[in-house]
Amino acid sequence: MSQHPIIAIVGSGPIGSAYARLLVEEVPDARVVMFEAGPQVTPVPGASVRNIIDPDEKERAREMSQGPQAGALRESLGIPAGVVVEGMFTARQGTHLIDFGGEGSGHAPTFAAAAASTNVGGMGAHWTCATPSPSFSEKIPFIPDDEWDELLETAKSLLHVQDAAFADSAVGEGIRALLAEEFAGELPDGYGVSTLPVAGDPQPDGSMRWAGADVVLGPLVDPSSPLSERFELHDLSLVRRVEVADGRATGVTVQDLRTHETRFVPADVVVVAADAFRTPQLLWASGIRPRALGHYLTEHPVVITTVAVDADKIGRFATEEDLDAEIARRSVNPADPVAAVNRIPFSEPGHPFSLQVMYAENPPFQLDPSHPASGNRWGYVNMGYGMRKRPRFEDGVTFDDAEPDYRGFPNMTIQYELTDAENAESAAATERLRRAGGAIGTFIAEPRLLPNGSSLHYMGTTRIGESDDGTSVADPWSRVWGVGSLFVGGNGVIPTANTMNPTLMSIAVAVRGARKAAAELAQLATAAR
Ligand code: FAD
């Protein structure tokens, strides 16, 4: 080991950033070198694009994150723009589809909405910032409860989580009261209707500065902090291989996408946090191929609807003056007019779903101006139930060495199927969504199950497990089975059937992994002395 250990991190999303932060803080002489395939799109690396006020600048930052579908960026790198086929699924802003339909596109006919972001900060520059914690069987059974609680607390502080965001909104409180009435007596204590935790920093004017990888990196991207001297972030740098010798990761081979030059970067620890599809792809391309790699793919299926808030219903709990105050608050930040976020968390056995309820000024689609609910003064609620998907070996991503994708990696094919177990819960969740929506207002969109891949929360493809029995890729500390010094991070590590937004949970798992990596480096340093 070198005198100053080097840690190479692949991917600059919230999870790679959590590894970077902890390893710089916990290993006094370590240098962390982070490689990101996409460009930096905000002045502070990894900041949330939602905080950009200017609509054109925001649009540009999103387009720059859209990899093969981002014409201007790709053209500037001398790569022909991807072909977008009319009638195909389109990706959420800031993301690009895995199966985008052009040359070198992945194949995902049964998981068609699968998407990724390619930019500094990853999807964490575009996310909604909902940060609930897992409960009951969503939790990882082999991590002890007291350790888990501490890991979650650390993860919350890394992400600046607010448990009671917008709790002072009277309209938000009214929505909670209506839902609590509807589901009275059906939910266990402590798992009833509440505010949805979100990641961000409340501002004095009542708006929120949303968190991205920037807040996770914290002092590492603050030039006035001495810690920043031991951190390097290289954007437009595509890691092509993790190199392995004598059963240990020895570093990474990186291609600079500006110059197209390729170099080897030695490292004492390698962390791959390149999302739930590209992490297993990179391991596969590097010849690291545990049986479970890419398999056991899950997401939480989502059934959603939109209702116009009914003045008579909400009027029992909130006044016209409350609504005026709400409208005044939203107008402070017209670029991101979120006001109140509520939820009902997962609980067992009676409520194996997570309900997310976002109060908004406008529906998320163009409502016909002649519709009776158009221009509804009390606003709208977008709501959706996340449901379980049982992990199965046959759901997953496989790689074809004979067919290069647009980046020259073994191409991906995703296979995925909802079974009777999921279909039954989907029907039950739809029924509940009708009750929840009806309690608040008038439906302006029928409850509907979104296409597979729509959640953007892809889990299981590099799952952690208790033993190397072929059903997991890494051990309980995220160390890849059979390859020393190699850690995997991201939602892919989650082995359970999870119904909620997974980023906080993946950061908690990353904190555990980073502490193990720090302990291993300390041991190696002692041995070397
Ligand atoms: P990512 O953020 O995806 O980052 C991975 C990075 O690795 C990417 O930037 C990619 O370019 C890079 N990379 C890939 N391959 C390579 C390579 N070979 N070399 C170098 N770099 C590479 N989650 C929640 O929990 N709550 C939410 O409310 C929520 N809302 C969301 C809303 C939207 C619109 C989107 C897009 C996502 C949302 N998510 C949400 C998901 C959340 O953003 C992700 O869970 C989180 O970003 C995962 O972090 P990560 O670091 O594992 O991966």
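## Structural report on a predicted model

Serine 426 is buried, at a relative accessible area of 11%, where buried means under 20% relative accessible area, exposed over 50% and partly exposed in between (1.4 Å probe, protein chains only). Serine 426 belongs to helix α10 (residues 420-440); helices (H or I, at least four residues) and strands (E, at least two) are DSSP runs, numbered from the N terminus. Apart from neighbours within four places in sequence, serine 426 is in contact with Met387 and Leu449, contact meaning heavy atoms within 4.5 Å.

This is a predicted model, in which local features need pLDDT of at least 70 and side-chain atom pairs count only at pLDDT 80 or more, while totals for chains, interfaces and linings use all residues. Residues are numbered from 1 along each chain as its sequence is written, and side-chain values use heavy atoms, with hydrogens and water left out.

The mean pLDDT of the protein is 93, and 95% of its residues reach 70 or more; pLDDT is the predictor's confidence in each residue, from 0 to 100. Over residues 82-88 the pLDDT is below 50, and this stretch has 13 contacts in the model beyond near neighbours in sequence. Where pLDDT is low, the predicted coordinates should not be read in detail.

The protein is divided into domain 1 (1-53 + 114-160 + 211-295 + 459-529) and domain 2 (161-210 + 302-386 + 417-451), with bounds that come from an automatic or database domain assignment. The domain centres, taken over C-alpha atoms, are separated by 32 Å. In domain 1, 27 residues are in contact with 27 residues of domain 2.

Strand β15 (residues 340-344) is mostly covered, with 5 of its 5 residues buried. Ala340, Asn342 and Ile344 point one way from β15, whereas Val341 and Arg343 point the other way.

| Partner of β15 | Sense | Bridges |
|---|---|---|
| β6 (residues 194-195) | antiparallel | 2 bridges |
| β16 (residues 354-360) | antiparallel | 5 bridges |

Serine 194 has arginine 343 of β15 as its bridge partner, and asparagine 342 has valine 357 of β16.

Asparagine 411 is located in strand β19 (residues 410-415) and counts as buried at 2% relative accessibility. Beyond neighbours within four places in sequence, the contacts of asparagine 411 include Gly104, His107, Phe399 and Asp405.

A search of the whole structure finds 11 aromatic pairs; rings of Phe, Tyr and Trp (its six-membered ring) pair if their centres lie within 6.5 Å, and planes under 30 degrees apart count as stacked, over 60 as edge-to-face and the rest as tilted. The ring centres of phenylalanine 111 and tyrosine 458 are 5.6 Å apart and the planes stand at 65 degrees, so this pair is edge-to-face. The pair links distant parts of the chain, 347 residues apart: phenylalanine 111 is in the loop between β3 (96-97) and β4 (115-116), and tyrosine 458 is in the loop between β20 (441-449) and β21 (486-488). Both phenylalanine 111 and tyrosine 458 are buried. Ring pairs link Phe111, Phe277, Tyr416 and Tyr458 into a cluster.

Charged groups also sit over rings, a description that applies if NZ of Lys or CZ of Arg is within 6 Å of the ring centre and within 35 degrees of the ring normal. Arginine 289 lies over the face of tryptophan 284, 3.9 Å from the ring centre. The charged end of arginine 463 is over the ring of tyrosine 296, at 4.2 Å from its centre.

Note on methods:
Pairing = 2+ DSSP bridges.
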